[in-house]
Amino acid sequence: MRITLFLICVGFLLSCSTPQFPRVENVKSVSREIPFDNNWMFSRDSLSNVEIPDYDDLDWRMLDLPHDWSIEDIPDSGDVEIFGPFSKASPGGPSTGHVVGGTAWYRKHFILKTGDDNIVTLHFDGVYMDSDVWLNGKHLGRHPYGYTPFAFELTPYLRPAGEENILAVRVKNLGKNSRWYSGSGIYRHVWLTVTEKLFVEKWGVGITTPEVSKEQATVNISVSAGNRTGKETKTGVRVDLLDPLGHNIGQEKFEVEIAADSVHKVRLSIPVKNPQLWTLDSPALYNAVVKIDVAGKVVDKCTTAFGIRSIKFDPETGFTLNGESVLLRGGCMHHDNGPLGSATIDRAEERRVELMKKFGFNAIRTSHNPPSKQFLDACDRLGVLVIDEAFDMWERPKNPQDYHLFFKQWWKHDLAAMVMRDRNHPCVILWSIGNEINERADPSGLALTREMVDFVHDLDSSRPVTAAICDFWDHPGREWNRTAPAFAMLDVGGYNYQWKKYESDLKKYPHRLIIGTESVPLESWENWEMVKRIPQVIGDFVWTAMDYFGEAGIGNSIIYEDSAKVKFWRDWPWYNAYCGDIGVCGFKKPQSYLRDVVWGLSKLEMAVHVPMQDGYSEKVSYWGWPDERQSWTWPGHEGEALQVSVYTSCQTVALLLNGEKIDEKSVPPDSGLKVRFHVPYAPGELKAVGLTDGKETASKIFTTTGEAKKIFLSADRQEIFKSRNDLAYITVEVLDDQGRRVPDAEMQLHFKISGAGELVAVGNGNPADMKSFQQPECKTFRGRCLVILRPNGKGGKIRLKAEGDGLEPAQIVVKTH
């Protein structure tokens with residue numbers, strides 16, 4: 001295969017004080033796939049005639065993709081209250097976290113040199129939302145859905161070699177179109193593919209492993225080869241299998257005649273002896289290298305990663321991976337990356353998966369849309385299972401301007417894009433066709449369910465199909481049994497918040513498989529007891545695994561006098577849903593400690609409720625959690641009785657304060673693994689001891705901290721790649737003189753960055769602290785905050801210094817290479 005591509009710089013001077021930047025990177029590549037993220041021109045404005053090639057964009061901002069404009073600061077016009085990216089005039093209001101969409105344009109200038117036999121295709125992994133693309137003034141097409149990949153061929157409209165091409169993309173995020181923070185813009189990666197006229201089609205390699213054992217596996221590969229030569233051509237299709245160490249362990253080759261202007265599918269089968277299976281603990285990845293040749297000359301080559309594993313869903317054995325039972329410890333996740341917004345920077349996607357794995361999750365539901373390719377790649381590498389979900393609505397709206405406007409015309413295109421792109425990921429075990437669909441039990445919805453399930457099975461018969469079905473809160477008066485026809489068409493029934501109906505449904509439908517597609521933290525024990533006890537109930541997915549922007553304050557608690565009422569939303573300035581086990585910065589939240597005990601990851605955990613005045617009560621929202629802390633630092637509350645909760649699988653708990661036993665209680669079987677004490681606060685050491693058969697088996701200690709004295713910085717990694725797709729996450733903590741985090745410290749800190757990178761975001765996880773995420777300052781929340789650094793593409797060192805009034809400053813260095 002011979003492909004020569006040149007992307008040649010077209011430079012310009014931004015200003016006398018700004019260094020000279022190229023409009024495009026200077027790339028000389030002999031490659032099938034070329035990254036196309038760098039040096040886009042951007043204007044956050046609804047402009048006219050921008051698609052015209054000679055439109056003047058010289059004063060536009062230059063940036064690198066992925067990019068989300070909704071997370072960026074809004075200029076203060078004085079007409080409406082604004083903090084950072086938040087505006088009281090946001091069309092989505094609390095649903096989308098009070099941020100602003102609108103219309104914006106991207107333009108890219110490039111000079112491209114290819115051979116006469118090359119085909120050039122432009123790929124987008126995701127643009128939110130309704131986007132149109134032009135090349136040199138020619139409209140290539142439109143793509144409305146904000147979460148699926150799409151592509152356009154550029155070849156017919158490229159200018160001759162050596163001449164400048166101009167790509168223009170208009171993105172419209174208008175009105176009320178989402179129930180959560182979506183972000184805006186080209187927020188996922190963009191790339192070019194350059195092939196000759198005999199080539200592997202987009203998503204043209206499909207891999208399954210129908211027979212799997214420890215001794216041998218069968219790997220089936222289908223290859224769709226395209227012929228654009230204008231004549232029938234004898235073509236060789238060869239597949240080499242590489243094991244996780246890169247060794248060639250098998251190959252197969254076919255000779256086929258491919259008719260002119262057609263696509264031919266070749267199916268091959270390769271046995272693998274003693275395979276390394278893809279498991280949660282050891283997620284081994286193989287590669288299939290596909291080569292297309294003509295008369296012995298390779299004209300195309302692509303590599304596809306896959307895992308050798310078997311999955312089975314059975315009413316008697318539940319879900320099994322490689323023949324072994326796995327209970328799905330799941331969490332629902334939206335697609336945003338906290339302070340980064342929705343920008344799909346590779347390391348941000350990977351870190352979210354790392355956090356889920358670290359905190360005990362083994363499965364993620366990508367609610368309520370397909371994730372990025374990079375997210376699934378990370379799940380493959382790290383060993384996390386995935387329910388890959390397509391839609392949040394079908395033909396009936398949840399918001400006036402949402403995807404229902406496009407569904408009839410586009411659902412097959414978008415559902416196929418999800419399945420075809422993601423079918424080779426071993427992490428994906430279930431396809432979900434929808435979430436809480438309004439018409440789920442109506443004739444139109446049942447007809448769509450049948451059609452969509454069959455459509456998915458035709459594309460991929462190796463995985464079952466589910467959908468998340470909820471009670472009829474949107475159809476008052478309907479009985480739950482109206483859901484039966486929908487469940488009958490699904491391979492696995494997804495239940496949102498309906499654990500109380502599991503047993504009664506299974507008496508009627510004993511062969512039904514159930515998965516708890518959404519549950520609340522307050523019912524984690526009840527849901528998990530069902531999973532452990534009933535084989536047909538294969539897992540539970542909490543809403544949510546990680547906090548997200550939008551649906552502001554659905555996870556909240558209010559300490560109030562008798563006249564107050566708990567609300568579904570929290571008012572401005574809340575912008576964060578705050579219902580996650582993990583905060584947007586990646587820090588554990590109180591409810592996750594109970595889940596550790598429920599899942600058997602810990603024998604004992606402890607929490608202390610914030611002090612409450614006499615005459616006050618607490619109301620906790622449906623998705624919320626009591627205002628508890630992992631802290632014994634409560635200055636000003638000496639002598640007040642504080643509620644201490646101990647979560648434990650032990651039989652008995654003893655509570656000690658400063659070495660003296662306060663109380664000892666047994667843990668009733670129906671307690672949900674909880675026992676509570678009331679302890680008069682006194683500074684010092686609070687210790688919970690778990691006993692089983694009279695012997696200590698677990699303990700937890702909280703110690704009162706001193707005053708805030710110094711700042712401490714720690715990096716998730718001390719060395720990172722210089723690539724713009726890598727990041728360094730710096731945890732910033734306020735410590736006392738003994739090096740302990742001060743849990744009630746809320747202090748304004750300032751940051752200075754120098755060297756081979758930039759500050760790309762700051763955050764603290766406070767759901768109501770509206771501020772800029774991009775300025776070099778942040779107030780700590782419960783003693784800490786987060787700084788995210790991004791390399792500038794050059795090797796070297798990034799230095800971060802943190803300062804705060806009355807605190808000893810700190811500095812950290814991250815190396816890039």
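This is a predicted model: local features need pLDDT of at least 70, side-chain atom pairs count only at pLDDT 80 or more; totals for chains, interfaces and linings use all residues.
Local features require pLDDT of at least 70 and side-chain atom pairs pLDDT 80 or more, while totals for chains, interfaces and linings use all residues. Residues are numbered from 1 along each chain as its sequence is written, and side-chain values use heavy atoms, without hydrogens and water.

Helices α3 (residues 407-422) and α4 (residues 443-459) pack at about 35°, with axes 10 Å apart; axes are lines fitted to C-alpha atoms over the stretch in contact, and angles run from 0 to 180 degrees between N-to-C directions. Helices are DSSP runs (H or I, at least four residues), as are strands (E, at least two), numbered from the N terminus. Contacts (heavy atoms within 4.5 Å) join residues including Phe407, Trp411 and Leu415 of α3 to residues including Leu448, Met452 and Phe455 of α4.

The whole structure contains 40 aromatic pairs, defined by ring centres within 6.5 Å for Phe, Tyr and Trp (its six-membered ring), with planes under 30 degrees apart stacked, over 60 edge-to-face and the rest tilted. Phe150 and Phe152, with centres 5.7 Å apart and planes at 70°, are therefore edge-to-face. The rings of Phe549 and Phe773 are stacked, because their centres are 5.5 Å apart and their planes at 20°. Phe549 and Phe773 are 224 residues apart, in the β34-β35 and β49-β50 loops respectively. Both are buried (under 20% relative accessible area, 1.4 Å probe, protein chains only; exposed is over 50%, partly exposed in between).

The charged end of Lys108 sits over the ring of Phe36, 4.7 Å from its centre (NZ of Lys or CZ of Arg within 6 Å of the centre and within 35 degrees of the ring normal). Lys501 lies over the face of Trp480, at 5.4 Å.
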